[in-house]
Amino acid sequence: MSKVFLCDHPLIQHKLTYIRDERTNTKDFRELVDEVATLMAYEITRDVPLEKTTVKTPVAVAEAKIISGRMLGLIPILRAGLGMVDGILKLLPAAKVGHIGLYRDPDTLQPVEYYAKLPTDVLERELIVIDPMLATGGSAIAAIQMLKNRGCKQIKLMCLIAAPEGVKAMQEAHPDVDIYTASIDDYLNDHGYIIPGLGDAGDRLFGTK
C-alpha cells in the first residue's frame, strides 16, 4: 500500500490558510500556491539518494555529498497543476516538464483525456505528478495510468489538498504511488468538491469562472 505524507511544516500550513480564504485575490492566490509548492518540494525530494564527493574550500579539502544522478520529471495535470510547477522548479531547475490534459466530466465526474506531451527520456526519470486537488482521484488515477501504460515506473503524486475518498481511490488503483499533500480534508460533497477545500483551484489560479 502506498504511503501518504502530510506536509505539515508551519510555513506550509500558514500559507494554506490564506490559499483557502475566499477573500484571497488571484494574484495572491497564485503566489501562495507557488510558495507552498516550493516548500513541498523539500518534502517530496527527502529520499533522493546522495553520493560522496570532495570539494576544495578556500582552506582545505572537504568531504561532501551531492545528489546521486537521479533525474526528475514534473508532470502537471492541466490546467490547475501548472500553478505549482514554477515553485518546484525553483529547487529543481534541471527537472524536465511534461503535461497531461484532463478535464472532469461534470455529469459523470470521470476524467477525459485531451492532451499528453512527455519528455523523450521520461522512462529514465522519477516523475512527480502534480495536481492541487485530489478529490475523487479520477484525474490523478487516469494520469498515472497513462504514464504506466508508457512504461513509467517511478511515480509520486503531489497535491495541496486531498479528500479521504480520493486518497482511498488512489491507493486502491495505484498502491505503488506515494501521495504528498498539505492537508487531508473532511469529505467530498455531492458535486465532487472537497469540503472545506478551497473551491476550484484552476479558476482561482487563472481568474476564471
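Select glycine 199 to begin: leaving aside neighbours within four places in sequence, this residue is in contact with Met133 and Tyr193, where contact means heavy atoms within 4.5 Å. The model is predicted: local features need pLDDT of at least 70, side-chain atom pairs count only at pLDDT 80 or more, and totals for chains, interfaces and linings use all residues. Residues are numbered from 1 along each chain as its sequence is written, and side-chain values use heavy atoms, with hydrogens and water left out.

Glycine 199 is found in the loop between strand S13 (194–195) and helix H6 (201–206). Helices (H or I, at least four residues) and strands (E, at least two) are DSSP runs, numbered from the N terminus. With a relative accessible area of 35%, glycine 199 is partly exposed; buried means under 20% relative accessible area, exposed over 50%, and partly exposed in between (1.4 Å probe, protein chains only).

Not counting residues up to four places away in sequence, aspartate 200 touches Arg79 and Tyr193. Display its side chain as well: it reaches the backbone nitrogen of glycine 202 at 3.0 Å. A polar contact is a pair of N or O atoms within 3.5 Å; within protein, one must be able to donate a hydrogen and the other to accept it, and residues adjacent in sequence count only if both atoms are side-chain atoms.

**Second stop: the annotated positions**

Select Ile194, Gly199, Asp200 and Ala201, where UniProt places the feature "binding site" in an unreviewed entry. The lining of the largest pocket takes in Ile194, Gly199, Asp200 and Ala201 from this set. UniProt positions are given in the numbering used here, feature names are shortened, and annotations may be inferred rather than shown by experiment. On a 1 Å grid over the protein atoms alone, a pocket is an open set of points where a 1.4 Å probe fits, with protein on both sides within 12 Å along at least five of seven lines; lining residues have an atom within 4 Å of a point.

Another "binding site" feature from the unreviewed UniProt entry covers Arg79, Arg104, Asp131, Pro132, Met133, Leu134, Ala135, Thr136, Gly137, Gly138, Ser139 and Asp200. From this set, the lining of the largest pocket takes in Arg79, Arg104, Asp131, Pro132, Met133, Leu134, Ala135, Thr136, Gly137, Gly138, Ser139 and Asp200.

- Arginine 104 is in strand S6 (residues 99–104) and is partly exposed, with a relative accessible area of 30%.
- Threonine 136 lies in the loop between strand S9 (133–134) and helix H4 (138–149). Threonine 136 is partly exposed at a relative accessible area of 24%, and its side chain reaches the backbone nitrogen of glycine 138 at 3.2 Å.
- Glycine 137 lies in the loop between S9 and H4 and counts as buried at 3% relative accessibility. From glycine 137 to aspartate 105, the C-alpha to C-alpha separation is 13 Å in space, and the two are 32 residues apart in sequence.

Now select strand S8 (residues 126–130). Why is S8 largely enclosed by the rest of the structure? The reason is that 5 of the 5 residues of S8 are buried. In a regular strand the side chains alternate between the two faces of the sheet. Both faces of S8 are covered, with Glu126, Ile128 and Ile130 buried on one side and Leu127 and Val129 buried on the other.

Aspartate 121 is in the loop between strand S7 (111–117) and S8. This aspartate 121 is buried, with a relative accessible area of 14%, and apart from neighbours within four places in sequence, aspartate 121 is in contact with Met71 and Lys96.

**Last stop: the aromatic pair**

A search of the whole structure finds 1 aromatic pair. Phenylalanine 5 and tyrosine 180 form this stacked pair, at 4.6 Å centre to centre and 10° between the planes. Rings of Phe, Tyr and Trp (its six-membered ring) pair if their centres lie within 6.5 Å; planes under 30 degrees apart count as stacked, over 60 as edge-to-face and the rest as tilted. The pair links distant parts of the chain, 175 residues apart: phenylalanine 5 is in strand S1 (residues 4–6) and tyrosine 180 in strand S11 (residues 178–184). Phenylalanine 5 counts as partly exposed at 32% relative accessibility, whereas tyrosine 180 is buried, with a relative accessible area of 5%.
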